[in-house]
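Here is my notebook for today, written so that you can follow along. Keep the viewer open and look up each spot with me.

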Amino acid sequence: MLRWLSNDDRRKKEPEVYANVVEGLKKVYKQKLLPLEEHYKFHDFHSPPLDDADFDAKPMILLIGQYSTGKTTFIRYLLEADFPGIRIGPEPTTDRFIAVMHGDQDGMVPGNALVVDTKKQFRPLSKFGNAFLNRFQCSMVKNSVLESITIVDTPGILSGEKQRVDRGYDFAGVLEWFAERVDRIILLFDAHKLDISDEFRRAIDAIKGYDEKIRIVLNKADMVDHQQLMRVYGALMWSLGKVLNTPEVARVYIGSFWDQPLHYDMNRKLFELEETDLFKDLQSLPRNAALRKLNDLIKRARLAKVHATIISQLRKEMPSMFGKDSKKKELINKLADTFATLQREYQISPGDFPDVRRMQEQLQHHDFTKFHTLKPKLVETVDHMLANDISRLMQMVPHEEVMENSEVGNVKGGAFEGYNESPFGIGRGEGVDKGRGEHEWVVSHEKYEYDDAFERLNPVNGKITGAAAKSEMVKSKLPNSVLSKVWKLADVDKDGMLDADEWALANHLIKIKLDGHDLPSDLPDHLIPPSKKKGGAE
C-alpha cells in the first residue's frame with residue numbers, strides 16, 4: 001500500500017510529456033480548465049466548450065465589411081480561382097457566411113450538415129438556430145492556398161434603412177464566435193464608402209476584444225488619384241478612431257485587390273509594397289498558429305477564473321430563505337460594485353472583467369441559488385496550468401516553428417507565389433536587383449562617370465586608400481554607418497583599398513541607397529566586378 005502511494009506521488013511530481021503543442025493544449029484544457037468552466041456555468045455566459053476540432057483547425061481569416069467593399073473579390077484574388085457559391089456585384093450579393101476550405105473535390109456543404117461534422121470546428125454554431133444555419137455554408141475547393149488556411153466570407157453589412165431589417169439571427173453574436181477562433185480579422189473599406197453604419201459599428205464592437213487579430217484594408221484605392229487618396233486615408237483614420245476607441249493608430253493596408261487594370265496607376269509602387277506587407281502577415285499565420293491557440297487559451301483561462309469569482313460572490317450574497325428575487329435584482333443592479341470589490345480583494349486587473357451590461361442581461365435568466373461557492377482547488381489547478389503547463393508548452397513553440405519552417409513553410413499557391421519569381425515581382429529590376437541575369441556588368445553603364453573622380457583621388461598602383469575614398473564618399477551625406485557598409489561591400493578583395501572597379505561599385509551602391517532602396521547584407525554575384533571573379537581579367 002505504501003509503495004503504491006509513493007509511486008502515485010512520484011507520478012504526480014513528474015511533469016507530463018506532450019507530443020506537440022496542440023496535443024498539450026487539448027490535454028490541459030480538458031483536464032484542468034474545462035472542470036472550472038463547467039462548475040461555474042462559463043459556457044452559458046461566454047463561450048461554448050472547445051472541441052478537438054478547435055485545436056486541430058487550420059488558421060482562419062475572417063473578412064468583414066459593408067456590401068460592395070470587395071470581400072468576395074479579395075478571396076478570389078488570393079485563390080486566383082472561383083469557389084462554389086461565389087457571387088460578385090455592386091449590390092449586396094453575399095447574403096450568407098461562407099467558409100472557404102480545402103477539399104479533394106469542389107462542392108458545397110450546407111450549414112445544417114456542417115454543424116454535425118465532428119471533424120470540423122463549426123459544431124457550436126448550431127446554437128444560433130436554423131435562421132443562421134440556412135445562411136451558412138462551406139465551399140470546398142481544391143486549391144493550394146487552402147491547404148494552409150481557411151477563409152470565411154461574411155454577408156455585406158448594410159447601411160441606411162436596410163440595416164433596420166432584422167436578419168433573423170444574432171449577427172453580432174456569430175461574428176464574435178468567429179472572432180474568438182480565427183487567427184486574423186480583416187476589415188475592408190471602400191475608398192468611396194467610408195461611412196460606418198450602425199450595423200457596422202455593432203459588428204466592430206463585437207470583435208473589439210480581439211484587437212491583436214484585426215487588420216484594416218482600404219480597398220479599391222486605385223479609383224482615386226494620390227491627392228484624393230491622402231484625404232480618403234485621413235477620413236478613414238478619423239472614422240476608425242471614433243469606433244475603435246484606442247490611442248494607437250491601426251495599421252491600414254492600402255491597395256486594389258482585384259485582377260483588373262488600375263484606374264490611376266500613379267500609386268502602383270505603394271500598392272505593391274502594401275500588398276507585400278499584407279501577404280507577409282497572412283503567410284505567417286500557419287507558423288504562428290500554435291502560439292495563437294496558446295494565447296487564446298491563456299485569455300480564456302483568465303476569464304474563466306474571473307467568472308468563477310463573480311459567480312461564487314453572487315451565490316455567497318444570496319439569502320438562504322426569503323427575499324431571493326429582490327436580492328437577485330439588487331445584485332444585478334449593483335454588479336459594477338461587485339466587480340470593484342472583487343478587483344480589490346483578488347488583485348484582478350479591470351481589463352480581465354467581462355462587460356458589465358452584457359453580464360447583467362445574462363444574469364437575468366439564471367437562478368443564483370444554483371450557483372456554486374468558490375472551490376479553491378479548481379482555481380489552484382488552473383493557476384498551476386498557467387504557471388507550469390503553459391510555460392512548458394511555450395518553450396516547445398520555437399522548436400515547432402523551426403520544424404514547420406523546414407517542412408511546411410508559408411502559405412503557397414494563388415496570389416502568394418508566382419509573380420515574385422518573375423520580372424514583375426516586388427523589387428525585381430530595381431535597386432540591388434538591377435542587372436541580375438544580364439551578360440554585361442550593370443555598373444559599367446555609368447563607370448565612365450566614376451573614373452574621372454577616381455583619377456582625381458591620385459591612385460597609387462591603380463588603387464586609392466580609405467582616407468581618399470572617404471573624402472569623396474561623405475559628400476553623399478549618407479550616415480557613416482551606411483558608408484561603412486558600402487565600403488565593406490565594395491572592397492571585394494578585402495585589401496583595405498579600392499581599385500577603379502571597386503570604386504565604381506561603391507558609387508553604384510551609394511546611388512542605390514540615395515534612390516531609396518536597401519543595401520544587401522552580402523554582395524550579389526551580378527554586382528561583383530568581372531575582374532574579381534575567378535578567371536576574370538586583372
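This is a predicted model: local features need pLDDT of at least 70, side-chain atom pairs count only at pLDDT 80 or more; totals for chains, interfaces and linings use all residues.

**Entry 1: a glutamate to start with**

Is E180 buried or exposed? I looked up its relative accessible area and found 19%. The cut-off for buried is under 20%, so E180 counts as buried.

Where does E180 sit? I found it in helix 8, which covers residues 171-181. Next I asked which residues E180 touches, leaving out those up to four places away in sequence. The list is S47, Y210, K213, R292, D296 and R300. With R300 there is a polar contact between the two side chains, at 3.2 Å.

**Entry 2: stepping back**

I wanted the whole picture before going on. The protein has 538 residues, and 48% of them count as buried. I noted 20 helices and ten strands. The accessible surface comes to about 28,000 Å², and carbon and sulfur atoms hold 51% of that. I also checked the contacts with a separation of 6 or more: residues 24 or more positions apart account for 78% of these.

In what order do the strands of the open sheet run? I wrote down 3-4-2-5-1-6-7-8, eight strands with mixed pairing. Strand 3 and strand 8 (252-254) are the edges, as each pairs on one side only. From one strand to the next, the twist averages 25°.

A reminder for both of us: strands of a sheet pair through backbone hydrogen bonds, either parallel or antiparallel.

I then went through some of the pairs:

- Strand 2 (residues 97-102) runs parallel to strand 4, with six bridges; M101 stands opposite M140 of strand 4.
- Strand 3 (residues 107-110) is antiparallel to strand 4, with four bridges; M108 has S139 of strand 4 as its bridge partner.
- Strand 2 and strand 5 (residues 150-153) are antiparallel, with three bridges; V100 has I151 of strand 5 as its bridge partner.

Helix 5 (residues 71-79) touches strand 1 (60-65), strand 2, strand 5 and strand 6 (184-190). The direction of helix 5 makes about 160° with that of strand 5. Helix 8 touches strand 1, strand 2, strand 4, strand 5 and strand 6, and its direction makes about 145° with that of strand 1.

**Entry 3: a strand covered on both faces**

Why is strand 4 largely enclosed by the rest of the structure? I checked residues 136-141 one by one: six of the six are buried, so the strand is largely enclosed.

**Entry 4: the cores**

In soluble globular proteins, nonpolar side chains tend to be buried together. Which residues touch the most other members of the largest nonpolar core? Out of its 52 residues, they are F122, F178, F189 and L218. Helix 10 (residues 226-244) gives this core its largest share, seven residues. I also found a second, separate core of 43 residues, with V21, Y29, V306 and I348 among its members.

I followed F178 back to helix 8. Its relative accessible area is 0%, so F178 is buried. Beyond four places in sequence, F178 is in contact with L62, F97, F122, L125, F136 and V152. F178 and F122 are 56 residues apart in sequence, and their C-alpha atoms are 9.4 Å apart in space.

For F189, with neighbours within four places left aside, I noted contacts including T69, L194, F200, L218 and L240.

Most residues other than glycine have a negative phi. I looked up two that go the other way.

- S68 has a phi near 65°. S68 lies in the loop between strand 1 and helix 5, and at 18% relative accessible area S68 is buried.
- K220 has a positive phi of about 60°. K220 is in the loop between strand 7 (214-219) and helix 10, and at 24% relative accessibility K220 counts as partly exposed.

Notes. Residues are numbered from 1 along each chain as its sequence is written. Side-chain values use heavy atoms; hydrogens and water are left out. Helices (H or I, at least four residues) and strands (E, at least two) are DSSP runs, numbered from the N terminus. Buried means under 20% relative accessible area, exposed over 50%, partly exposed in between (1.4 Å probe, protein chains only). Contact means heavy atoms within 4.5 Å. Accessible areas come from the Shrake-Rupley method with a 1.4 Å probe; for residues, only the protein chains shown count as cover. A polar contact is a pair of N or O atoms within 3.5 Å; within protein, one must be able to donate a hydrogen and the other to accept it, and residues adjacent in sequence count only if both atoms are side-chain atoms. Two strands pair if DSSP finds at least two bridges between them. Axes are lines fitted to C-alpha atoms, for helices over the stretch in contact, and angles run from 0 to 180 degrees between N-to-C directions. A nonpolar core is a set of buried Ala, Val, Leu, Ile, Met, Phe, Trp, Tyr and Cys residues joined through side-chain atoms within 4.5 Å.
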